[in-house]
Amino acid sequence: MQEERVEALPLITLTTDFGDQDGFVGAMKGVILSINPEAQIVDISHAVPRQDVAAGAMVLRNACPYFPEGTIHVAVIDPGVGSDREAVVVETAHALYVLPDNGLITLIDQLTPVQRVFAVTQLGFCLPDISRTFHGRDVFAPVAAHLSRGLPPEEVGSAMTSFAELDLAEATVGDDFVEGTVVYADVFGNCLTNIGPDQVAFDAFDWCLTLNGRRVTQLSQAYAAVPTGAPLMIQSSNGFLELAVNGGSALAYFELAVGDRLRLERAKGLDANHEEAGL
Amino acid sequence: MQEERVEALPLITLTTDFGDQDGFVGAMKGVILSINPEAQIVDISHAVPRQDVAAGAMVLRNACPYFPEGTIHVAVIDPGVGSDREAVVVETAHALYVLPDNGLITLIDQLTPVQRVFAVTQLGFCLPDISRTFHGRDVFAPVAAHLSRGLPPEEVGSAMTSFAELDLAEATVGDDFVEGTVVYADVFGNCLTNIGPDQVAFDAFDWCLTLNGRRVTQLSQAYAAVPTGAPLMIQSSNGFLELAVNGGSALAYFELAVGDRLRLERAKGLDANHEEAGL
Amino acid sequence: MQEERVEALPLITLTTDFGDQDGFVGAMKGVILSINPEAQIVDISHAVPRQDVAAGAMVLRNACPYFPEGTIHVAVIDPGVGSDREAVVVETAHALYVLPDNGLITLIDQLTPVQRVFAVTQLGFCLPDISRTFHGRDVFAPVAAHLSRGLPPEEVGSAMTSFAELDLAEATVGDDFVEGTVVYADVFGNCLTNIGPDQVAFDAFDWCLTLNGRRVTQLSQAYAAVPTGAPLMIQSSNGFLELAVNGGSALAYFELAVGDRLRLERAKGLDANHEEAGL
């Protein structure tokens, strides 16, 4: 972990699994604006599947890299609220993250390595009464607001020498095949895998997939390249292989669940590209 | 198409069918703020029914006319992403729209005629790597951000002489009847029609509707004018006739679907107003 | 009702039951920004259960107290739109509220007593054409925008000497028991009650609950203090007793509905704390 520092912007993003009904996210926004009326608050998602830390890690990976340098990202998917898990401030060369130390930072760390981690132990930067169930309001929001006013991260508490990371499945490559895992399903049922450009050349087309009795015989360049209701494989917007159904749900079509394995095989003697319909 | 120009504000609205779970909208916001940190971003809807261009057109119609002159409206309901549909910047006398050329602009064009349309062909205003599946992030968001910094619309690419429009049903008027179509159902099941003040005088009450075995015998002035659970006809907030159920869903009550036809008949010898309950 | 005044900030929050699909909230934002381009708009919730004024009152209670002094809170859960209910501006020592006079202010009034109430009768602060169904856009939003520009509340219309309040259940305390009511269920099924620190000392553990055949034998300090799927009682983030299930729904587990009564009994000769698992 290195020692560079980014200057914090008064730009704060919020990612939670709180839903949008109850006003809990509103309370976090009120706390932030009470501490720093100049803060600019941007919602990333409040519909992360409940207590699903791996999904939260992917949502952060989808959005945070696109924000300006120095942005402060608050993420609260926190099944351990009130237990002894730490609340931490994580610094990368690009941004600050304020979140529970439960692995949420894992995919960000892969892109932009974590440099420093501080446990929030200076309770003066939290609300005076910390509830048992809502550290988003009482800890994470006020700490982020103080950081956005220029508080150096090292002042929130004690430096940590390690942090929690999720145990990620890895893709494996053989002579004529690649094996990977479904790591995320988006709200439409598109299934993101961990098979990336290191394993598959996405400009080639000669891969086919057989999965739960369903078959896809090439890589496509657009959802609309196959008829409505037909399955396809495509390079997703974060660079990895995605299984999709044009206008439908790959999760349903292939009867998949996050964590399922899949195997691509190189097509033999087949110019699969010629089969592509609809372009 | 005329040639007047509005000055772009740094106010950018977002309308998509991306849902609020996955962080995709967050990525668009990050891209915008990275290009123009002064941009003020306002969410209109991210819950447009998936790939439903006609519904997206209605959502734009519901919201965009109320924004200040010069606002930049980004709309991404884009079943053709990655195909050869154009990404366009559309200029009206009131605002700029950044969206796929697939008919999304149709209802706006009815209110405030389209003046100029430019295809986004200058890729320097897009992200360096344009993905196959997420032009919201890679094309529409960055183009809008550059426009909000003062880029003249004509610099995004080549002028187009025509643009896609949806084929809209029209209401027809007879001696003692009006026939129209359900054009949109809102999230509560209120059914908006294309029957407007040109076809029906909404201050009169003497119209009745029989539809799928259900009957409404007058126009109401408030949802609460009929008992809870009872159906009513009312002038909707955009001026057209709406079928509703007080505290319920007209979509369910009348067993309707968008696109269904309906027929109003003038009540004969009946002072229907006297039947109205609850006012 | 006293006569102190807070200075209005250009900070406006929005709480509605409009959902996030149709662009109705977007229209309200456009109206506000057209009247006051400097206004900072913050969403609290647009997913209040439809026409549920009591739930809306709780959402306001969850969020509004955390906003800076002088914030203007707009709330539109308005089953009586178009009827003769008044649109009002309510002033407390902390904030301004712009809402229908239907009891939405009740729980705020308990925390920060209402000082003055004005009916919106000066239609010049509304949109020129007030629709029958959408006063959020035509009345509440523009009035809030004018207040955010410094319009004194008394100029919106005539002072009222009373206002609508919800009839709230009260908790009752006996020698060895407390009886209360479920007053709100959040989106996860956590059940908030009206049993507060005046009735129960939350640092003690010696209370047990039997409800619809299910039993909880102590108060917990964290959701994670019991195994996944197990029920617990905990002090909620607003200070009152909450029934929860770790990773699940108390609403389903206890077969509860809002309005149901429950009875806590003091445990006899039992150091219930020792039974607590998982801390």
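A polar contact is taken here as a pair of N or O atoms within 3.5 Å, in which, within protein, one must be able to donate a hydrogen and the other to accept it. In this predicted model, the count between chain B and chain C is 15 residue pairs in such contact, both residues being at pLDDT 80 or more.

The side of chain B that touches chain C draws at least two residues from each of strand S2 (40-45), helix H2 (53-63), strand S9 (177-185) and strand S14 (231-235) of chain B. The largest share, five residues, is supplied by S2(B). By residue class, this side of chain B comprises 20 nonpolar, 12 polar and four charged residues. In total, 36 residues from chain B and 28 residues from chain C take part in the contact. The area buried between the two chains is about 2,600 Å², with carbon and sulfur atoms giving 52%. Tyr66(B), Phe188(B) and Ser237(B) provide 24% of the area that chain B buries against chain C, more than any other three residues.

The interface of chain C and chain A was examined in turn. Here the contact involves 36 residues from chain C and 28 residues from chain A, and about 2,600 Å² is buried between these chains, 52% of it on carbon and sulfur atoms. Within chain C, the most area is lost to chain A by Tyr66(C), Phe188(C) and Ser237(C), which together account for 25% of what that side buries. Zero salt bridges are counted between chain C and chain A, alongside 15 residue pairs in polar contact.

Key
Residues are numbered from 1 along each chain as its sequence is written. Chains are lettered from A and ligands numbered from 1 in the order in which they are written. This is a predicted model: local features need pLDDT of at least 70, side-chain atom pairs count only at pLDDT 80 or more; totals for chains, interfaces and linings use all residues. Side-chain values use heavy atoms; hydrogens and water are left out. Contact means heavy atoms within 4.5 Å. Buried area is the accessible area (1.4 Å probe) that two parts lose on being put together, summed over both. A polar contact is a pair of N or O atoms within 3.5 Å; within protein, one must be able to donate a hydrogen and the other to accept it, and residues adjacent in sequence count only if both atoms are side-chain atoms. Helices (H or I, at least four residues) and strands (E, at least two) are DSSP runs, numbered from the N terminus. Ala, Val, Leu, Ile, Met, Phe, Trp, Tyr, Cys and Pro count as nonpolar, Asp, Glu, Lys and Arg as charged, and the others, Gly among them, as polar. A salt bridge is a side-chain nitrogen of Lys or Arg within 4 Å of a carboxyl oxygen of Asp or Glu.
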